[in-house]
Amino acid sequence: MQSAAAERVKVQLLRRGVRHGRFVAEIAPDTDLAGSQLADHALPRWRADEPLVVRGASRAGVRRARRDIARSLALFEALRGGASFESLAARRLARAPFRPAGVTIDLGDTREIEKLFVDALSASGRAVARDLYAKLSWIAHDERDTSLRVRFSFGAEALLDWQKETRRARWSDAFARALFPECGVIDENQALLALVEQMVGRRVRLSERIIYNNAPGGGATFHHDDEPRQLGVVFTQLEGATAWFALPKRRLAEHVAAAARTAKLRQRAGTPRKALRALDETSDPLLGKLLNATPSFTRRLVEHGEFYVLRAGDSILLPSHGPDEVCWHAVFALGAQASLAHSYGVFPLRDAPLSATRARGSDRTSARSRDAR
Ligand SMILES: [Fe+2]
């Protein structure tokens with residue numbers, strides 16, 4: 001599906017004060033989402049925990065939603081300048097069926113700025129889903145990174161309510177869309193949704209939504225998004241661009257083992273097996289420095305083809321099959337302005353098996369075994 005006419009773009013990677021260097025990324029032509037060959041190419045990648053970049057998946061939707069996208073960028077700019085999330089959100093929700101239900105600030109998390117709670121209302125004004133929230137946070141503890149994000153979920157975070165109960169998930173998704181109407185770009189992209197459903201072999205909902213506003217010099221350090229019942233992640237760039245390193249955890253462990261130079265790091269992560277376990281402790285400063293702040297390691301990943309650049313309208317799918325079978329990733333903001341992207345978790349839609357036609361070629365057995373975990 002990738003023709004020879006790939007475009008090459010030069011990018012400079014700088015994150016949290018560390019200059020990683022200048023690199024060239026290949027941008028393939030738009031993915032043919034209607035193409036019959038796509039699943040043949042994509043399924044083996046999904047099963048192997050490899051990232052799948054879908055070029056131009058939402059290009060038309062991004063064009064249609066340009067006013068909503070511009071308004072959301074302006075909202076983040078105002079928030080970065082210190083405006084109140086509560087009052088800006090109230091204005092955006094004026095005609096939406098959600099009633100304010102309080103604001104909290106977690107003093108134990110220096111990244112958290114404001115967490116807004118709302119209740120969803122029925123047409124008659126009755127509360128049908130309580131304690132849906134939108135949590136505004138800085139992405140990093142580092143003051144050089146002024147990236148922001150808003151995470152949508154519900155209930156008590158510490159009790160992991162979102163993992164135990166699914167009834168409120170669709171209300172939480174609707175709340176995200178009321179506050180950030182450009183959610184429609186992804187919600188209404190049937191071809192992208194069909195591709196995701198082909199990958200996991202069943203009907204899905206896109207929940208636990210996060211809206212990213214990555215600022216110059218910012219981004220996300222290496223991590224994974226393996227969570228119970230979450231089958232993967234769909235990240236869509238709506239404005240600006242981001243650079244990505246994305247690869248299966250086991251291959252990242254091989255890179256770490258090969259690049260571990262100091263005696264301490266060799267002892268901890270000097271073989272792929274040791275490195276696989278070491279990745280479970282990314283708070284380890286030595287490993288964190290290698291993964292996230294070592295330009296020669298970044299160069300190694302580029303040279304091994306683990307590097308991607310996403311532009312507006314592109315999506316990246318990140319598979320998740322378990323703690324060691326998951327696509328790890330790191331993000332760098334690109335460009336001179338803060339960008340906008342939406343990241344949604346892929347969850348099974350209960351009681352909604354994929355029809356026989358759409359499930360053709362998909363791995364139904366592994367989808368069932370994931371459910372059982
Ligand atoms: Fe992630």
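I take helices (H or I, at least four residues) and strands (E, at least two) as DSSP runs, numbered from the N terminus. This is a predicted model, so I kept in mind that local features need pLDDT of at least 70 and side-chain atom pairs pLDDT 80 or more, while totals for chains, interfaces and linings use all residues. Residues are numbered from 1 along each chain as its sequence is written.

**Ser153.** I found Ser153 in strand S7, residues 148-154. Is Ser153 buried or exposed? Ser153 is buried because it has 26 C-beta neighbours inside 10 Å; the cut-offs are 20 or more other C-beta atoms within 10 Å for buried, 12 or fewer for exposed, and partly exposed in between, with C-beta atoms placed from the backbone. I then listed its contacts (C-beta atoms, placed from the backbone, within 7 Å). Leaving out residues up to four places away in sequence, Ser153 touches Tyr133, Trp162, Ser172 and Glu208. From Ser153 to Tyr212 I noted 59 residues in sequence and 15 Å in space, C-alpha to C-alpha.

**Helix H13.** Next I turned to H13, residues 295-303, where Phe297, Thr298 and Leu301 are buried. Down the axis of H13 these buried residues fall within an arc of 100°, so they line one face of the helix; the arc is that of the directions from the helix axis to the C-beta atoms. Pro295, Ser296 and Glu303 are exposed on the other side of H13. The partners of the buried residues include strand S1 (7-15), helix H9 (249-259) and strand S12 (307-311). Just after H13, I saw that Gly305 takes a positive phi of about 80°.

Notes: Contact = placed C-beta atoms within 7 Å.
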